[in-house]
Amino acid sequence: MAPEIKQRSSFDLTMRRLLADRAGLVSLTFIVILVVMAIGADGIAALTGHSAIAQFRDTGLTPTGLPVPPSGEFLFGTDQIGRDLFVRLAYGARISLAIGMVASLLAAAIGVTIGLVAGYFGGWVDAVLGRVMDLVMSIPVLLCMLSLVAVFGPSVSLSLSVIVFFSWTTMGRVIRGQVLSLKEREFVLASRSMGAGHFSIMFTDILPNLGAPIIIYTTMMVPTSIIFEATLSFLGLGIVPPAPSWGGMLAEAANNSIYMFAWWLVLFPGLALLLTTLSFNILGDALRDALDPANKGPKAAKAKKPAGVA
Amino acid sequence: MTVLSVRNLNIDIPTGDGDVHAARDVSFEVGAQELFGIAGESGSGKSVLSQAIMGLLPSARIRGEILFEGRDLLKLSPRQMQHLRGDRIAMISQDPLSSLHPFYTIGQQIIEAIRTHRKVSSRDALAEAIDVLGRVGIYEPDKRVHDYPHQFSGGQRQRVMIAMAIALRPALLIADEPTTALDVTVQAQIIALLNEMRRELGTAIIMVTHDLELLSSVADHAMVMYAGNRMEFGPGDAVLKAPSHPYTLGLLQSSPNQETKGALHSIAGQPPSLLIEQKGCAFADRCPAVMDVCRNQRPPIRQFEDGTHSLCWLEEKASKALTPAQATPEQTYTPDTSDIVVSASDVRLTYGGRSLFLRSSGVEVLKGVSLELARGTTLGIVGESGCGKSTLARIIAGLLPPSAGDVAIEGKSIIDLDRAEWVETRKRVQMVFQDPFGSLNPKRRVGSIIGDPFRIQNVAKGDDRRNRVRELMELVGLNPEHYNRFPSEFSGGQRQRIGIARALALNPSIIIFDEPVSALDVSIQAQILNLIAKLQRDLGLSYLFISHDLAVVRHVSAQIIVMKDGQVVERGATQELYNDPQHPYTRELLAAADPNYRNVGGAPGSMISEGTVHGA
């Protein structure tokens, strides 16, 4: 295909709408900063001279053995054994974002595939896959996780698999519904009348039209996965200490009741978690507004109608 | 007495792309009891105008005056407008299905409308609702008043909408495309009903429609709009019989009727974008009588003896000034009719044989249809929605297996083929779909869409494929440079050309057109019909042409089949069928499709009584 494209219409309009959404823009900025922090966690560690697991018994703890509050040397203070909270937060961001994104991408891939197959073929295929989704949704997540950890021991890959296993169903249902209506459109019939096979129709005709819901729901799945991971780590089922994770940091603060004295131990990881999930949710909403034609339908139609030469 | 007087109305609607200039210096007056018609193609600003009168354009910048019963509606507060709406000014919209609330009975909805504006008891309001339902021709209104909207047919729903609108005896009723969503035979009944209601209740009616001929039979005064301008204004029959503006003339000549043969006169080009501020005449680019002055200066309003006004630089009426475009007599092309390319025999289709609710008797969609199509000719299939004509098309195209019967393409049955044979058949039969918006994948480029048949059938690759696509685009009158555009960047007519190019890609011998022009404006429709006819002559194609519009079918086909309820009620050569229809249903269709026929042969009275039968 020639690369010369006149695509202004859809992509440009989407970007323009997205940039006009102030809340979405703020969230996007926050996420970008967070990503930079996560990627540059090693750099932050080098700059401050504090590694994530190093304990600073002399400077990081008061003479009585209590953590020190935020200061010039320890931006966000230290924890109960004298580790730099700021550096640990940056490394925690790395884990949280990595798990959040990888899990949602994997879950999206599974959800899209199963939703596409179920919606397109319908009939008994749809019935079987639909029951599978119901089954997955009815398993108690934490109980399942507890027993898995008991058997295999906690690990990153186990957390990831569990998060993926329990989150693809939402995407699957959304995609299935969209495919049900898309496959009745005339362009699918037109493709069939030219002799196109199932595979061709699913991937060249239907899949490109699912772009908007896939982007929106994948974005919305990221915060859920992050919370999920934090919950697991908080319960000691996820990331193994001393590796830093937001959920684990919160757990440590809670375990020793040290937060009664050192408020920053709860505030900063909690805030990081809150702002991250909030940002992803707001970004998801902004993306929906910008991408989803159903939400801007009447306005766009009116704007187009007089201009659209028919 | 003047009910509504619109003076120098300008409407600008701000949008993301800039201001849409939806109306420019539009003036008109509507008297009591008058039926005033506003005609125009999509995007002409006719619907915006009616919304402006109703005060439903909050974000628009409106200049000018809208005087209703002596008050300027533009100066009223939203609250005052709210009191006026429904009470003094009522509106009927295009789609009677979506304008009725599915959750409430029609009685409740009419009563609510009445009690919003009048202080009456619900018992009185109910009596009133029953009375008004009876007036609009709903049979047994005292029983039907407690029914829900889904229990009524499309035509009846529109009657209910009219009942709701006239329940409060408004001074003005705005009907925005009141019949577009309805079948042709029902259309005539609704128009007749509106006509009757205005006489009975003294309501002035503004009827907005794209159908100029429909207006001709009923409108006292008519206004033709184009790109936000009032192109022509005058007494209904004068505008229709002797149009004074070249645009009106062009529109009238574009619609196929009894006289048209061969290539239709079409208005070249596309309507202008309303985002651009017009300097001269909006129609200049498409006008056959264009002069230099037209492009630079806004035309004056000329007034003629018969009461028509025209926004044009021409000094006399277009119907006189322009030599009536003689339809080029077609070289009579006589194909060999003995070579049958499609034959269907006793095709039946039953749905729901094994339904979830264990209903033993399925719905019979097709009850034994047979047809034959000779090579190089066109067979027209006419019928209303739900008569099974589209289903039949899909069966012949091989997209749907019939429950019984046989379809043979070029002598070879297409029933129970294996996959490879079926794919092979695709090279011989192709389809063009009704909806130029739905039948093209919005996320793919035009080049890939037209190249799809090559990709799927694996016949041409790379540069070869690209060149063939470009040739096809040229063949159907598209600019090959638009190869990389998305369907949304094309207008409806151009999209239909894309659909036709795609159907031609594999050199089929048979093309099935399923309502190819029903979604298009008249002037564009003529362009597409001409293209279809030209391709048939040049490539020797055989067509199955399906439409609800008898005038269009009659124009393109040599043979016609009339379908009703899954059966063929009449078939024959076009001219014979037109001159001497045998089946009453054919006569009804003819009457609905052609105002001349209606005036001469059809009895409008019989159509109203028909409505009461439907109501039963």
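In chain B, strand β3 (residues 35-40) is joined by 5 bridges to strand β8 (residues 204-209), and the two run parallel; helices (H or I, at least four residues) and strands (E, at least two) are DSSP runs, numbered from the N terminus, and two strands pair if DSSP finds at least two bridges between them. Within that pairing, B:Leu35 has B:Ile205 of β8(B) as its bridge partner. β3(B) also pairs in the parallel sense with strand β9 (residues 221-226) of chain B, over 5 bridges, and there B:Ala39 stands opposite B:Val224. The model is a predicted one, in which local features need pLDDT of at least 70 and side-chain atom pairs count only at pLDDT 80 or more, whereas totals for chains, interfaces and linings use all residues. Residues are numbered from 1 along each chain as its sequence is written, while chains are lettered from A and ligands numbered from 1 in the order in which they are written.

How many of the residues of β3(B) are buried? The strand is mostly covered, with 6 of its 6 residues buried, where a residue is buried if 20 or more other C-beta atoms, placed from the backbone, lie within 10 Å of its own, exposed if 12 or fewer, and partly exposed in between. In a regular strand the side chains alternate between the two faces of the sheet. In β3(B), B:Leu35, B:Gly37 and B:Ala39 point one way and B:Phe36, B:Ile38 and B:Gly40 the other way, and all are buried.

Another part of chain B holds an open sheet of 4 strands in the order β14-β13-β16-β17, with antiparallel pairing. Its edge strands are β14 (363-374) and β17 (412-413), each of which pairs on one side only. Strand β16 (residues 404-409) is joined to β17(B) by 2 bridges, and these strands run antiparallel; B:Ile409 has B:Lys412 of β17(B) as its bridge partner. Helix α14 (residues 389-396) of chain B packs on this sheet, touching β13 (340-351), β14 and β16, and its direction makes about 120° with that of β13(B). Here axes are lines fitted to C-alpha atoms, for helices over the stretch in contact, and angles run from 0 to 180 degrees between N-to-C directions; two residues are in contact if their C-beta atoms, placed from the backbone, lie within 7 Å.

Angles under 35 degrees count as roughly parallel, over 145 as roughly antiparallel, 65 to 115 as roughly perpendicular and the rest as oblique. In this pair, B:Gly447, B:Ile450, B:Gly451 and B:Phe454 of α16(B) meet B:Arg465, B:Arg466, B:Arg468, B:Val469, B:Leu472 and B:Met473 of α17(B).

The axes of helix α11 (residues 246-254) and helix α19 (residues 522-539) of chain B come within 8 Å and cross at roughly 45°, and α11(B) and α19(B) are therefore oblique to each other. Their contact is made by B:Gly250, B:Leu251 and B:Ser254 of α11(B) together with B:Val522, B:Ser523, B:Gln525 and B:Ala526 of α19(B).

Two loop residues of chain B stand out by their backbone angles. Most residues other than glycine have a negative phi. B:Asn507, in the loop between α18 (492-504) and β19 (510-514) of chain B, has a positive phi of about 55° although it is not a glycine, and with 12 C-beta neighbours inside 10 Å this residue counts as exposed. B:Asp565 lies in the loop between β21 (559-564) and β22 (567-573) of chain B; its phi is near 50°, again a positive value in a residue other than glycine, and B:Asp565 is partly exposed, with 15 other C-beta atoms within 10 Å.

Chain A has 13 helices and 0 strands, and 41% of its 310 residues are buried. A:Thr48 belongs to helix α3 (residues 41-48) of chain A and, leaving aside its neighbours within four places in sequence, is in contact with A:Asp84 and A:Val87.
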